[in-house]
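Please look through the sequence and the 3D structure shown here.

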Amino acid sequence: MDSKPPSSRSTLGYNTTLHFLAEYSDILLGTLFGALAIYFHLAHSPYLSVLSAAIAIGAFSITVSEIAEILAERLEEPYASFVLTFSAVAVEIILLFMIVREGVHNPAALETVKGGIISAVIVDMNVLLGLAVFIGGLSYKEQEHNEDTSSTYTTILLVASSALLVPSILTYTQDSNTLFHASVMIALLLISFYIAIFIFQTRTHSHFFKATAKSRLFRIKKHREEEDEEEDEDYIFDRLGNVWNFAAIFGFIFVIGMLAELFATDGMPIAREMGISAGLAGLIIAIIAVAPEIMTAIKAARDDEIQRVINIAMGASTVSIMLTVPILMALAYTNGIELTLDFNAFQVGALILTIILAWKTTDDGETNYFEGISHLMFFVGYAIIATLYH
């Protein structure tokens, strides 16, 4: 005979349902709005289709980010940050590639892709880094990280950004064929540079990308407190092994890819109809792709893991330039599209100024909330100009 009264059983069932909804709200939301996106697309309602697809992509991206965070906790730096950055950049590549495919019928779509590439770095380095540093600074006044990390990344990003100037300058002096060949050579140069960086980061100088002693002390204290609490292992991905979690990430990214195709197919005509600039369209795409990563960074900053924030923001920016650019060029070429790297003066200027700002705010190995505000103010200025720049 059950000793629990009916009210206790109903309360238990209610709490279990709420717990399930809280744990899997992102998957449920993604599934719901993904289905709505398909329905509205078939019903020829592009505005609702694009909105639903964007929400679904954001929701599933959060799932990808959460699984990546679980994997990151099981790995050591710099591999932990690699998992987080590559999972986010994969979503970015998929979104931009779907826009690239629209370039077959609408060459102006390629300008949106270029805006998206630059905007991804701008969002990573100003919104993600700015919000995390601001929120972390409010909690801890000052947070320490390994200054070798930011010094190395800002050097890398400055060199990569300078490389993008080559095809951009050739726009004014050479024909389209020369511009494309120059873009291919720069893409190959970026890949070669990234291989050297990968070896530097994972083999010879991995200590450059690990946390400082002070931030480690905060984390050790936090982990000891967590050990005293009952660990919640109800979340299915916490119970899965690394291989299955990687498989789950690829599965969700595949779904995101299908939704991204709807987003691009219905979104580009809307952008033309509303007169949305390529810069603003690229910025919207970047925010959708980076949003889950921003949440991860904010959580890390609250836990005084500012080193992880630096690794995510600057690591993702590095990958966005050095891998996203060559991969998109290769994918575009296989679809009969020549994607060139002739970014406009505003984009290259904003990119270089962002890197200089990041260098100035992180070079001493300490961050505070004012430095976070500085990055956020820079982003607001960029967003205003991107909206008006045609």
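Glutamate 111 has a relative accessible area of 35% and is therefore partly exposed (buried is under 20% relative accessible area, exposed over 50%, partly exposed in between, with a 1.4 Å probe and protein chains only). This is a predicted model, in which local features need pLDDT of at least 70 and side-chain atom pairs count only at pLDDT 80 or more, while totals for chains, interfaces and linings use all residues. Residues are numbered from 1 along each chain as its sequence is written, and side-chain values use heavy atoms, with hydrogens and water left out.

Glutamate 111 forms a salt bridge with lysine 114, their closest N and O atoms being 3.3 Å apart (a salt bridge is a side-chain nitrogen of Lys or Arg within 4 Å of a carboxyl oxygen of Asp or Glu). The two residues are separated by about one helical turn, because they lie three residues apart in helix 5 (helices are DSSP runs of H or I with at least four residues, numbered from the N terminus).

Another salt bridge joins aspartate 303 and lysine 299, at 3.6 Å from N to O. Aspartate 303 is buried at 16% relative accessible area, whereas lysine 299, at 40%, is partly exposed. The count of salt bridges comes to four.

The largest nonpolar core has 108 residues, of which Leu95, Leu190, Phe263, Val309 and Leu328 touch the most other members (a nonpolar core is a set of buried Ala, Val, Leu, Ile, Met, Phe, Trp, Tyr and Cys residues joined through side-chain atoms within 4.5 Å). Helix 5 (residues 109-140) gives the most to this core, with 16 residues.

Threonine 265 is in helix 10 (residues 242-274). At 32% relative accessibility, threonine 265 counts as partly exposed. A polar atom of its side chain lies 2.7 Å from the backbone oxygen of glutamate 261. Threonine 265 and proline 46 are 219 residues apart in sequence, yet 8.8 Å apart in space, C-alpha to C-alpha.

Terms used. A polar contact is a pair of N or O atoms within 3.5 Å; within protein, one must be able to donate a hydrogen and the other to accept it, and residues adjacent in sequence count only if both atoms are side-chain atoms.
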